[in-house]
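Here are a few notes to read alongside the model.

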Amino acid sequence: MNGNRDAQPKGTLLEVDDLRVTFPTRTGLVQAVRGVSFSLGRERLGIVGESGSGKSQTGRAIMGLTPPQAEVSAKKLSFDGIDLLSISPRQRRALRGNRIAMILQDPKYSLDPVMTIGRQIVETLRTHEKVSKAEARERALEMLRAVQIRDPARVFDLHPHEVSGGMGQRAMIAMMLIAGPELMIADEPTSALDVTVQLDVLNILDRLVAERGMGLIFISHDLRLVSSFCDRVVVMYAGKVVEQLKASELRDARHPYTRGLLNCMPRIGFERHPLPVLDRKPEWAA
Amino acid sequence: MTAAIAIDGLEVVFDRFRALKGVNLEVREGESYGLVGESGSGKSTLLRAITGLAPVASGAITVNGKALGKTRDKAFYRDVQMVFQDPYGSLHPRQTVDRLLQEPLAIHGISDGEKRIERALDEVGLGKGFRFRYAHQLSGGQRQRVAIARALILEPSILLLDEPTSALDASVQAEVLNLLEEVRRRRKLTFLMVSHDLAIITHMCERLMVMQDGEAVETLTASQLIGHRVSEDYTRNLLRASEGFVRV
């Protein structure tokens, strides 16, 4: 259902057409992503779905992080005119972390535990740009300041276990932004954080994405959060896109899955006992 | 009305870290009571202290009029049951659902197991077909249903719920919350429920306590919270955060 796909604002950064990700298992092939299509300009796109909907595998396929045993195919998967499926692993590596970056869910697992935060940020920068050590340090400190870390010089020398989850996620954002990517994929960037910290991190991400004119893919299970943060929302179910719509028009969502997902969450001030539950129809996955 | 759970000046200390700093709480019989707060606020520690899973340094806990000592007797565990957050971690991976449900019956020497297992499975909406399956053959929501069945099988009067739906998808969460409400109504249970999600707590509970850094920030009724009639800034912040992202 691509009924309300819009004309792309300010040129297309990423084009995905009929993306498929297939995993071999003992019982045969499992298609985690089954023909996903969308395009992205310099805007914020949300991908929403429940566990197993293929939302993370979609993000990973764009990033080039699909496990080696799985197979990725697409009619088109291009980033700024570059065909991501035909370039060499070396070229892909040059893009990764440089022009396309990814923020993962839990800083506890996605940061290197035996390396200081500063060194990890400097490493990212020096992998992609020729800069002196002193300059790299300067830029890393500046980046830490940009993610609103109050005492960047102190945090620079800390190990990931010495900082809180919110701080770790800010460091992760700093690391991902330092090479100045044009496309950022954020896979559940705030799900591991407390609600109050969640908003701080989202505010930082929001400001930096707007300032730098990046394209953002925000992957999340939280439809309400995504719609308050993104310009457009893609809703996935069982590896397929069931609906694409403007975040502002979420209330007019037509697909029963989208509507059900919106409806089933308890909300403060809206008493409903029992809560409406999703009545999953087999044809949604067809 | 008597208190199902009464807690007075409870202190929990891990080495030198004070996880709970003199908390008072009273949960009435048949009531559903919520504990909210961010991670590290001590809300789960409070539940664990009641069951004897956390080291109580000082303070008194009374359950159904009986003061708890250093150890809990069997009758206590029959009366108070707990459902944990992560159904992937709280069910034994090498035991069938049947075996999992036998365990509490064996411990308490209950003879009409057959009937109880069937009834418990039926009550949580699983049916007989699930009885001889392993946890890994079930989805997250089904596992949490098994965990609830295991808690109900001893016919307790108090259920301690530690973030029972935060590991589940939104649509499955709705099903489990509905199930919990239904069993509470049917069995007239007392709930003490922990969650970081204000919306879930206001949906499930009549009264709640907001916690931060091991202390109670304030005690509210659900309708006070819904009407934003709160007095502490911390609670106000939580409320704002639960309304989602607003571009500034």
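1. Let's start with one pair: A:Glu15 has A:Ser39 as its bridge partner in β2(A). Strand β1 (residues 14–25) and strand β2 (residues 28–40) of chain A run antiparallel, with ten bridges between them; strands count as paired if DSSP finds at least two bridges between them. Two residues form the hairpin that links β1(A) to β2(A).

2. A word on the basis of these notes: this is a predicted model, in which local features need pLDDT of at least 70 and side-chain atom pairs count only at pLDDT 80 or more, while totals for chains, interfaces and linings use all residues. Residues are numbered from 1 along each chain as its sequence is written, and chains are lettered from A and ligands numbered from 1 in the order in which they are written.

3. Zooming out, chain A has ten helices and eleven strands (DSSP runs numbered from the N terminus: helices are H or I, at least four residues, and strands E, at least two). The radius of gyration of chain A, taken over C-alpha atoms, is 19 Å, close to the 19 Å from the globule rule (2.2 Å times the number of residues to the power 0.38) for 286 residues, so chain A is as compact as a globular protein of that length.

4. Now for the partner chain: 28 residues of chain A are in contact with 26 residues of chain B (C-beta atoms, placed from the backbone, within 7 Å). On the chain A side, α8(A) supplies the largest share, seven residues.

Key: Contact = placed C-beta atoms within 7 Å.
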